[in-house]
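This report covers helix packing in the structure shown below.

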Amino acid sequence: NEIIRRVQKAKWFTAIADEVTDVSNKEQLSLVLRYTDPDTCLVREDLVGFFECDQGISGQDLANKITSCMLASLQIDNLRGQAYDGAGKMAGSVNGTAGFIAAQYPLALYIHCASHCLNLAAVKSPKRQMALERAISQTQPESSVHKSKDLCRTRWVQRIDGFEVFCSLYQSTVTCMESICNDGPRLWTFDSVTDARTLQLTISILTFILH
């Protein structure tokens, strides 16, 4: 593999990884290696591949997956950096992927992946959207609306539109949150389950409904 050959020649490298959901609803780990090409002295970021998270998606599971993917062909003692998103599961210094890898390879410093900010702004979670669509098909199959609407921070007219969509999908939204909580860490990240449980409790109490 030409990428691995260049990284081996460069010696030191950084691992950039993220956990994503593919079209079959399976968790995949994308792994990119950042290094300085010794032939051109240019910094490169090359995609190594996508690897199924068949052992789980906890911080420890992802740390094991990342290290096992690199152990086959690279000296991980030469790992000098880790770049992930800012979620606790990935960035946590104790129970996150960064913490578990740093415990074994203390020179591999964690930094927040700058590209993740653009990713957050450009796309939504397809997995959560699919969960909402399933809930709509089960509880409100007649609904012509199949997607929630963000609340704009500055445009009040758009906030009203978002509120109206939420009201029309209220039953499906509650069902969706309940489904995520019931599935738990088997299918969802800790942050997703926590968010779902918090939202479910908030929108289900009587005072919220009456207001």
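## Contact between H6 and H8

In this predicted model, Ala131, Leu132, Ala135, Ile136, Gln138 and Thr139 of H6 are in contact with Gln171, Ser172, Thr173, Thr175 and Cys176 of H8. Sorted by class, the residues of this contact are five nonpolar and six polar, with no charged residues.

Helix H6 covers residues 126–139 and helix H8 residues 170–183; their axes come within 8 Å and cross at roughly 125°. The crossing of H6 over H8 is right-handed.

Helix H2 has 13 residues, 59–71, which should span 18 Å at 1.5 Å a residue; the end C-alpha atoms are 18 Å apart, so the two values agree.

Gly59, Leu62, Ala63, Lys65, Ile66, Thr67 and Met70 are the buried residues of H2. Their packing partners include four strands, E1 (13–21), E2 (27–36), E3 (43–52) and E4 (79–84). Helix H3 (88–91) and helix H4 (97–104) also pack against the buried residues of H2.

## Contact between H2 and H4

The axes of H2 and H4 are 7 Å apart, and the packing angle is about 55°. H2 and H4 are therefore oblique to each other, and H2 passes H4 in a right-handed crossing.

On the H2 side, Gly59, Gln60, Leu62, Ala63, Ile66 and Thr67 take part, meeting Thr97, Phe100 and Ile101 of H4. This contact has five nonpolar and four polar residues, and no charged ones.

Notes: Residues numbered from 1 in each chain as written. Predicted model: local features only at pLDDT ≥ 70, side-chain atom pairs only at ≥ 80, totals over all residues. Heavy atoms only, no water. Helix = DSSP H or I, 4+ residues; strand = E, 2+ residues; numbered from the N terminus. Expected span 1.5 Å × (residues − 1). Buried < 20%, exposed > 50% of the residue type's maximum accessible area, 1.4 Å probe, protein only. Contact = heavy atoms within 4.5 Å. Axes fitted to C-alpha atoms, helices over the stretch in contact; angles between N-to-C directions. Left-handed = near helix turned anticlockwise from the far one by under 90°. Nonpolar A, V, L, I, M, F, W, Y, C, P; charged D, E, K, R; others polar. Parallel < 35°, antiparallel > 145°, perpendicular 65-115°, else oblique.
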